[in-house]
Amino acid sequence: MSAGIVIIGSGFAARTLVKNIRKLDSAVPLTLIAADGMEEYNKPDLSHVISLAQRADDLTRQSAGEFAEQYHLRMFPQTRVSAIDAQAQVVKSADKQWQYDKLVLATGAAAFVPPLPGSDMMLTLNSQQEYRDGETSLRDAKRVLIVGAGLIGCELAMDFQRAGKSVTVLDNASSILPSLMPPEVSGRLQHCLTAMGVRLLLKSRLLSLEQSGGGVRAQLDDDRYLEVDVVVAATGLSPHTALARSAGIATGRGIVVDGALQTSDPHIYALGDCAEINGRVLPFLQPIQLSAMTLAKNLTGSSTQLVLPPMLVKVKTPMMPLHLAGETARGDLRWHITTEADGMVAKGLDAGDKLRAFVVSEDRMKEAFALLKALSA
């Protein structure tokens, strides 16, 4: 009997892959192994849990058992994989092992926590379980410090502020969303956040955290101190690569894969936040969906290469939502920005006046699809 396909992970990437495999092959044996409870939830909803007063369990859409029954597979929740024997094609946990014909690593990424004194006091919001662990502290907090002014930091800042909390965002950079777009473009969102009452401490660095009364005392690099109730780390993601690395699989920033999502081992593939595709880690829904479709075909007998067109990234800041696409972080683009009461349209052009990137906001977001076509041309 075939050992089938074993998938390590149970997040969006793993589940999307299972659904695509089952569209193509209803019989191939499928096994999912993950260290969490394997409940299905929508990860982007974590950006809104506080203002919506949601509990962690409110996010659950489907239990592990329901998913296993619906898609005809074996699931092993609360099971941490300790090793991969690539030569024998075996996956091992503390007390079990599974043979595989093909193995998929969908191990995701961990929220990066800056290494500094008191870093263990920082909360992260990268999974339902992390929210469950910090739910009471986050709900009860009146003063919140968010470290990181990127995508997640801005989304959380707006959510906490809408919930009536006093919010401070701290970042080394001189503007918000520094890795996604230039300050001329993010300035409108920055103004929106400050108008709501969010305090932005840019060009600032956190040195240490310590317990203080019932809260946390944060020391900054300019000899200032902040007294807050909770500190949330929103400083990016670190792909889980240790398991792959210990099995002799090539890793860089993530687990290195080719256009077929295949690693340096011909029987092992990687998908989602842990995968490094053409030198890039792409922790966004659309590239994961396209990757899962491609990989499902390759796991069920086809030979398909992943093609990633220009894709929209959505910034979930309800008071001023944004869509962006293309090479928005390129430093050599000339930005043409029009700002009206109903929103902003920013176009990034190269030296030959070719559209390379764009950002649209609010009611101007309906223009994104025409701009996406122009970007693809």
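1. Basis. In this predicted model, local features need pLDDT of at least 70 and side-chain atom pairs count only at pLDDT 80 or more, while totals for chains, interfaces and linings use all residues. Residues are numbered from 1 along each chain as its sequence is written, and side-chain values use heavy atoms, with hydrogens and water left out.

2. Helix α4, geometry. Helices (H or I, at least four residues) and strands (E, at least two) are DSSP runs, numbered from the N terminus. Helix α4 has 12 residues, 151-162, and at 1.5 Å a residue should span 16 Å; its end C-alpha atoms lie 17 Å apart, which agrees. The expected span is 1.5 Å times one less than the number of residues. G164 follows α4 and has a positive phi, near 90°.

3. Of the 12 residues in α4, 10 are buried (under 20% relative accessible area; exposed is over 50%, partly exposed in between; 1.4 Å probe, protein chains only). Among them are L151, C154, M158 and F160, along with E155 and D159. The buried residues of α4 pack against α3 (128-140), β12 (143-147), β13 (166-170), α5 (183-196), β18 (230-233) and β24 (313-315); contact means heavy atoms within 4.5 Å.

4. Cavity. A cavity is a set of points on a 1 Å grid over the protein atoms alone where a 1.4 Å probe fits but cannot get out, and lining residues have an atom within 4 Å of a point. The count comes to 1 cavity of 30 Å³ or more. The largest cavity has a volume of about 60 Å³, taken as the space filled by probe spheres set on the points. Its lining includes L261, L271, I277, P287 and S291. β22 (275-277) and α7 (285-299) each give two or more residues to this lining, and α7 gives the most, with 3. By class, the lining has 8 nonpolar, 2 polar and no charged residues.

5. Nonpolar cores. A nonpolar core is a set of buried Ala, Val, Leu, Ile, Met, Phe, Trp, Tyr and Cys residues joined through side-chain atoms within 4.5 Å. The largest has 52 residues, and those with the most contacts inside it include I7, I84, V91 and L103. L103 touches V6, I8, I84, V91, H267, I268 and Y269, not counting residues up to four places away in sequence. A second, separate core of 45 residues includes L46, I50, C154 and V198.

6. Residue G252. G252 is in the loop between α6 (242-246) and β20 (255-257). At 45% relative accessibility, G252 counts as partly exposed.

Terms used: On a 1 Å grid over the protein atoms alone, a cavity is a set of points where a 1.4 Å probe fits but cannot get out, and a pocket is an open set with protein on both sides within 12 Å along at least five of seven lines; lining residues have an atom within 4 Å of a point. Ala, Val, Leu, Ile, Met, Phe, Trp, Tyr, Cys and Pro count as nonpolar, Asp, Glu, Lys and Arg as charged, and the others, Gly among them, as polar.
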